[in-house]
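Colleague: I am new to reading protein models, and I would like to go through one slowly with you. Could we look at it together, feature by feature?

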Amino acid sequence: MTEFLQLVLAGLATGAIYALAAIGFTLVWQTSQTINFAQGEFVMLPAILVLALVRFAGWPLPAAIAAAALLFVVIFGFGFKRIVVDPMIRHGVLPLAIATMALAILMREGAKDGFSAEAQAFPSLVPTGAVTLFGASLSLRDLSILAVACLAVLALHLFLGHTRTGRMMQATAQNPDVARILGVPVERMILLTFAINAALAVVASLLVSPIYLAKFSNGETIGLAAFIAAIVGGFNQVRGALVGGLLVGLVDNLSAAYVSASYRTAVPLALLVMVILLKPEGLLGRREERAV
Amino acid sequence: MRRLDLNLFVLLLGAAILWVAPAGFGNYGLYVLSLWLVTAVAAMGLNLTLGYAGQVSLAQAAFLGLGAYATALMTAKLGLPWWLAFCASGLLCFAIGIGLGVPALRVQHHYLAFVTLAFATVVYLVARNEQWLTGGVYGLANIPRPAVLGDKLNGNLPFYRFVLAVALGLALVQWWILRSPWGRAFQALRENPLRAASLGVDVRLYTLLAFALGAAYGGFAGALYAPLVEFIDPAPFALSQSLMLLLMVIAGGAGYFLSPFLGALVGVALPEWLRFTGGAYLLFFAGAVMVLLVVSPQGLMGLADRAVQLVRERRRRPEPAAAPQPSEVR
Amino acid sequence: MRTGWIAALALTASIGAARAQAPAQGEPIKLIGVVELSGAGATAGTNWRNGIDLAVEHVNAKGGILGRPIQILHYDTQTNPGTTRAAVQRAIDEGTYAVLGPVFSGPIAASMQIAQRAEVAQLVGGEAAGLTKQGNAFLFRTSLSQADAMPKLASYLKEQVKAASVAVVWVNNDFGKGGRDVMIPELQKRGIKVAADVSTEQGQADFAADVIKVKNSGAEAVFVYLNEEESARFLRAAKQAGLDKPLIGETTLLGAKVIELAGEAANGVRGHVGLSVDAPVPAFQTFGKAYEAKFGVKPDHNGLKGYMAVHAIKAATQRMGKVDRKGLAAALHGATVTPTDEPGILIETTWDKNGDIDRESFLAEVQNGRQVITQTLPKLGR
């Protein structure tokens, strides 16, 4: 029982990271039909930027984090949209998706060549140690990650549902043409989505890099997990991405322990196939109408 | 129709040039060329699936792996002739393609992508874990080269020419398919599936066929890959390689007949040529691909197409405001 | 031990005096490194390459090999077997005297027939047992084979750690599986129960589930056989979850990089170490300081392997008296190189006819963020 509890908590913590990545992924898809294959690298890079600022510019850690976060949101939020997405989006979904694939390679190799090919320790911003609950030793780090992720999602939810800008963003996501007619500044809303995606990636990066160690290859598993989580949860619902992320994290950890360690990576995919065969729009998704 | 004949001409001319040109190349150069051709065959399959039937397949490298393992097991372990293994590889992948496609396409048009994603992972894991069958992480070594007319193709130049001949044969088969009524059905699928259905084209059947054929080509490529590298382990057939093949097809220009060769050039030869930049060659590669896509989302063949059209327009310039030419059947 | 001091003195003296000697002249001898500079093997490969570069610098400063300087070049294999094959092929086409690398066992297995067919000696950093069992007369190790290291570790677990049950955590690649396949029978032979057999992925970042499995298996000790970075991640996860059983491993668990990345979590880890800059072999320490002076970081065992590989080539070539590509392999078989012959070899090393190495090795423990050698184990004397 205690083992199960520990696994559940560990799974939820991992899942929280996936959820953060999946939410940004879903938001970006909803508002601008962009499938961001570089989402995993988005979670990898901010930590590398922080370490680079500390090592090469000699900045203290808090300043480096703030600066890296800002830099990242500007370059990979606004910059990504203006330079990569805007020129390509009118040519269809697939060429843009492939461009993000190339971007992923670019980011990965840039981190490897520009910074280091080896893993680097990253300081933890959340407390370490463990607390005992029901006889199970639960790590404070996992609890903190869950807490931060929930806070971020809550903040996003409040923003989307209860502020004017948030509701304008929702309108843009649901139907950009009508939103435009109604006077919503659609372009600005889309830009904001990309910025939010970048910000979520920064948070995920700061949470995950202390455990995973900052390495240029961190993006690969996270990217795939985020993709699966977004689809399982429902590609057109932010809440779905949260549920999907937590589910994928849970399934991954539980299957590693109870099913088979060597087939561990296949289980989330099996989940994906089952979900789309039974409920194609995802667990929390809304059924989409086919445009003729 | 004219475009396809131009493709045939380029294909045959290219093959002739490629037959004689590399005679002076060292082992390494011949290896890269052979690898390029093998990758082009796999890309041909993906081009059929993606460029003509409009389906995204994320498992092309897995089909390559299936073909490679099937060939390795049949030739190295069972001592069967390579031709048999070659046909078996293609047939196996075709059957699996049908098997995957039937349930997936029943659900929704674009969920085949996810099924192929899952399939690719499972194939990789089985190859890695089931040591009794595939050699697991240790792989399968000493895969024999095929023998043509009693002559074992151990030398790199004869084997390269062999690969060239087989690749040419497969390309000709694809050319023939695209000229046939099947080809027209595939093109109708790409343009607008709903409209095609309303015209009586059995969308599901032809999509399935395109996917299964594409998978078969992956298997054929694998049958060539195994004797080329003479050793296989699961690593070259992982998901990331499937994504790379997808990237190659788009960079070449999905839906154009010659794009697999260009795309494979970008994916295989370009990184090799860029090695002189030191460790940063992948960086330049990714940057080049991104710039290419922003400039020409139809890939390299799209660029060539636009260049040709520009030249044609210049030639017609003396005539005032001629009516726009109808788009040619590609 | 005394020979160790003599060797260290000789090495220091020769490095110091090198500047006074005439540099190597004559037609350069080409050496090409086929190295993992990216991908999963990047850490190991970078160390190997740096060790080689340092060795080339030292050798050239002392007059090269038979008076000819070494010209060194490296190709990145991306830790990909296909790319490795292409790189080895290219190295041979370009006329390398010997192939240096790769380090990871998988790519080695994939590419070793190429050098074999071209009859070019290949010195590798891999430890997988199967490499030297395939009758390849041109493959040479630079570190102890798993087949020799695992029995030493199993005995250590039985006699000194006194564990009745052990959980085995291994990385699912050529290296990890090879180690596990040798270790488990050795444990069973000694009457130790295998409480858990946990496979993990190469490049895996999240070890929470694996640590939990190990914790709940009731094992009295844990044998951890992962690559360097994964080892660090595992140690952190283990500390996180409060896993307090002895963690025993091999060089990949006790290396400098692992200690740096795992921080506090590395303390108390014990194991068998084939090569280490912290070993009580003064020549190793001299090397470590020279490496750190040039590259700014401490080397791991792969740096030592690379350094020794170049010097092994030098020693064998000088014994032959000529630069003969085909003869190099024959010259290495059965050769014993001592630090008095060639200070750059750092420690007495013997190669047998299979290309396996016989050398002293060490038992170590991580104390206060440093690797401390606790015992020296003698050569097997084959």
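Colleague: Which residues are linked with Lys81(A) in a network of salt bridges?

Modeller: Please keep in mind from the start that this is a predicted model. The network joins Lys81(A) with Arg82(A), Asp86(A) and Glu187(A). One link in which the side chains meet is the salt bridge between Arg82(A) and Asp86(A), at 4.0 Å from N to O.

Colleague: Why are Arg82(A) and Asp86(A) separated by about one helical turn?

Modeller: The general idea is that an α-helix has 3.6 residues a turn, so residues three or four places apart point the same way. In this case, Arg82(A) and Asp86(A) are separated by about one helical turn because they are four residues apart in helix H3 of chain A. Arg82(A) counts as exposed because its relative accessible area is 52%, over the 50% cut-off, whereas Asp86(A), at 28%, is partly exposed.

Colleague: Where in chain A do the partners Arg108(A) and Glu220(A) lie?

Modeller: Arg108(A) forms a salt bridge with Glu220(A), with the closest N and O atoms 3.8 Å apart. This pair links distant parts of the chain, since Arg108(A) is in helix H4 (residues 93-114) and Glu220(A) is in helix H9 of chain A, 112 residues apart. Glu220(A) is partly exposed, with a relative accessible area of 45%. Over all chains, the structure holds 33 salt bridges.

Colleague: How should I read an interface, and what is the area buried between chain B and chain A?

Modeller: The size of an interface is often given as the accessible area lost when the parts come together. Between chain B and chain A, the buried area is about 3000 Å², and carbon and sulfur atoms give 83% of it. In chain B, the residues that lose the most area to chain A are Phe114(B), Leu283(B) and Met290(B), which together make up 18% of what that side buries. The contact brings 34 residues of chain B together with 33 residues of chain A. Between these two chains there are zero salt bridges, and three residue pairs are in polar contact. On the side of chain B that touches chain A, H5(B) gives the most, with ten residues.

Colleague: How many salt bridges are found across the interface of chain A and chain C?

Modeller: There are two salt bridges across that interface, one of them between Arg264(A) and Asp210(C), whose side chains meet at 3.5 Å from N to O. Nine residue pairs are in polar contact there. Chain A and chain C bury about 2400 Å² between them, with 47% of it on carbon and sulfur atoms, and the contact takes 28 residues from chain A and 30 residues from chain C.

Colleague: Is Leu213(A) buried or exposed?

Modeller: Leu213(A) is buried, because its relative accessible area is 0%. Glu230(B) also has a positive phi, near 60°, and is buried, with a relative accessible area of 10%.

Colleague: Which residues form a nonpolar patch on the surface?

Modeller: The patch is formed by Leu70(A), Leu71(A), Val74(A), Ile75(A) and Phe78(A), with about 440 Å² of accessible area together. Among them, Val74(A) is found in helix H3 (residues 61-89) of chain A and counts as partly exposed, at 43% relative accessibility.

Notes
Residues are numbered from 1 along each chain as its sequence is written. Chains are lettered from A and ligands numbered from 1 in the order in which they are written. This is a predicted model: local features need pLDDT of at least 70, side-chain atom pairs count only at pLDDT 80 or more; totals for chains, interfaces and linings use all residues. Side-chain values use heavy atoms; hydrogens and water are left out. Patches are made of residues with over 30% relative accessible area and no salt bridge: like charges are joined within 9 Å, nonpolar side chains (Val, Leu, Ile, Met, Phe, Trp, Tyr) within 5 Å. Accessible areas come from the Shrake-Rupley method with a 1.4 Å probe; for residues, only the protein chains shown count as cover. Helices (H or I, at least four residues) and strands (E, at least two) are DSSP runs, numbered from the N terminus. Buried means under 20% relative accessible area, exposed over 50%, partly exposed in between (1.4 Å probe, protein chains only). Contact means heavy atoms within 4.5 Å. Buried area is the accessible area (1.4 Å probe) that two parts lose on being put together, summed over both. A polar contact is a pair of N or O atoms within 3.5 Å; within protein, one must be able to donate a hydrogen and the other to accept it, and residues adjacent in sequence count only if both atoms are side-chain atoms.
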